Amino acid sequence: MKHLLTIEGLARAEIDSILDRAESFAEVGRRDIKKVPTLRGRTVVSLFYESSTRTSSSFELAAKRLSADLVSVKAAGSSVDKGESLKDTIATLSAYDPAAIVIRHPHAGAANLVAAWQSEAAVINAGDGKHAHPSQALLDVFTLRRRLGSLEGRRIWIVGDVLHSRVARSNLTAFQAMGAEVTLCGPPTLLPRGIEELGCDVAHSLDGIEDADVVYALRMQRERMRESFVPSIREYAANFQIDSRRLGPRQLLMHPGPVNRGVELSGEVIDSPQSLITEQVASGLVVRMAILYELLAASGLDEPATGGPEGAPGAPTPIGQPA
Amino acid sequence: MSAATNQALTPVGEALDSRAGESPDLVLSEALVLDPVAGIDGRHDLVVRAGRIAELAAPGTAELEGAERIDASSLHAFPAFFDPHVHLRTPGQEHKEDVETGTRSAAAGGFCGVIAMANTEPPVSTAADVEALREAAREGASVPTGFLATVTKGMEGEELTEMAELREAGALGFSDDGLPIRSAGIMRRALQYQRLCGGTIALHEEDPDLSAGGAMHEGVVSAALGLDGVPSVSESTMIARDAELARYEGGRIHVQHLSAVESVEAVRAARAAGVRISAEATPHHLCITDEEVRSLDATRFKMNPPLRAEADRQALIAGLRDGTIDCIATDHAPHAAEEKEVPFEGAAMGVTGLETAFAAVHTDLVLPGTIELALLVERLAGGAEPFGIERPTLAPGSEANIALCDLGAEWTVGEDGYESRSSNSWCAGRTLTGRVVVTIAAGQVAFRLRSFSVGAA
């Protein structure tokens, strides 16, 4: 695995291997010294063209926990603001010889292009337009795997604004890859035409959601009302809000954040024992450490001087090496 | 359906402007001559004298003193192609293309004539604009070039241009191509006024409310990629509207770059209802689908209308076959590299196509047996009549417009660069079979492949 651009193309075994690695990092996280020297002397560039709290902070902390040097570039206040093209920005940052480029961009395909433009750094897609958000999907699978053991045969409903959601697309693919049955639910205006051909069920109401093992709610943005995707947020909430009446006691609840309280989720379900929302955030760090490790340390085996895990007590061993 | 225009048809070289040059006498000896419309299909010595097709002689028999003799025994001679839809980007965007480079590109693709769209900077909306472009063509065009003027002033969609004066200045017809004519009221007025001034109105059909923000075809691939889709109905509903208006007003319309099943059906229904309508399809819509977009790393697959699904492609092929689609037009749309080297969603729409039109459709549709060679040859020359221009033909006595092609030649697109100033070819890097080696346009040798050795006399 050279880059992480989408979930498509990842085999179930590959996903499991990344998540197993994340488990071992979770163990490291329980120690007093949470840092391992795996990526010492290597550089990770974090390039965010869109605002982000969870994704950027957890990728950046993940890089630091692995002892990488971090270059963090936000579009606002950088040369991007001055009209520099993505291609030129990548050329500039490539001068630092980064081992990885973590990129979020408002346009679908940005990460694919960065991977095509330069051959040195591993490219990690931290969200491109409405296309993909693979690290989110991996952390969600990780969170569920911890709770359920396996996703095989589990029924997962993804509810809300699927049309505008990169999370919905990556999670659909990841959940399916792990053997789950996925239903996409939302008003017809917010479900992309042709989406059922991706092998999922499609529902336009919450009838039947009681059969779901997991309810994954998506963020509903208020501007969708102005664009007539829904007549009003009130009507949306009346039909699609997950509240304590709709969420059964044995069902799990997830949300990628940030939540609009009282829109897609009622306050009481967010704080209910079924809610995995804070666990998702915690998973984000260790899964992103595992992604960096998988792309950099595993591929770095060919290059002797890249600072492997030796000397890190209890640190994970690269894949393919005897433990 | 034939021309359906009010004016009599004029030969390419008389109707359009190009750089003056010599018309050498030529003998294309033992060529496989194919002109399906004229009923010519066989091996002949094709004799060109004083810029006209003088004779189709028995192979190996033609003698013409002072003529260059080209051994065409391994080549096909077709009527040269005619492209009613190219963007020469002049004035205003000469960093992408100009009259000289764009028409060199056309000549290299076997075209003996092109019609340039009016969505330049500023758009071609006044008689002075048309006159300046015609002058530029007389100075630098390798092949005869015609110009459309915009339907509305500045392509703003609000007021008609001075259509009569534009026609007198030499505008072949009218189009706001690049943009649809949003208002049905303005469209109707243009069709009414057309009765006074003539000139086919060429239509880029797209309902901007339905296509808003779309980067690719709305379908399974856009659903998977999360790209905003351009629904097929954004095109077909506008075709249906304008066909109704044209029927009501007795107008003459030409529908540009058909892309969808529904659009082919709308044009077919309009023809059946007696509307004076013609239509074109591009090589890229005939050859490839939205599956090309899936990898998201190639903006050479971004254009408007977008590449659509396989069923749409098949409908276009069926329309090409049954005559619903009169012609293949490239919608040659050069863009600078920096406008294409950006993520797919942000990339400029449009691809170049003049140099590859014949080879691409030959490779993708003729060689696998999807369509006959004769149909390709017929449709590549079908774009002239809708604009009042005589279809290029090899019938003796006609103006010499000839594409001499090597159907077995394999070449890699872009390997030797492009005649066009831009390199955003949708089939860049592909190996195609079939290549134009010589183009005769209005009696002049407009193009000769560098590696094509001239047969000694």
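The model is a predicted one, in which local features need pLDDT of at least 70 and side-chain atom pairs count only at pLDDT 80 or more, while totals for chains, interfaces and linings use all residues. Residues are numbered from 1 along each chain as its sequence is written, and chains are lettered from A and ligands numbered from 1 in the order in which they are written.

Next, select residues 145-149 of chain B, the whole of E8, where five of five residues are buried (20 or more other C-beta atoms within 10 Å of a residue's own, with C-beta atoms placed from the backbone). Thr145(B), Phe147(B) and Ala149(B) point one way from the strand, whereas Gly146(B) and Leu148(B) point the other way.

Then move to strand E9 (residues 173-175) of chain B, which is parallel to E8(B) and joined to E8(B) by two bridges; here Gly173(B) is the bridge partner of Leu148(B).

Finally, turn to chain A and select helix H3 (residues 86-94), whose buried residues are Leu86(A), Thr89(A), Ile90(A) and Leu93(A). Seen down the axis of H3(A), these buried residues fall within an arc of 100° (taken from the directions from the helix axis to the C-beta atoms), so they line one face of the helix.

How values were computed
Buried ≥ 20, exposed ≤ 12 C-beta atoms within 10 Å, placed from the backbone. Helix = DSSP H or I, 4+ residues; strand = E, 2+ residues; numbered from the N terminus. Pairing = 2+ DSSP bridges.
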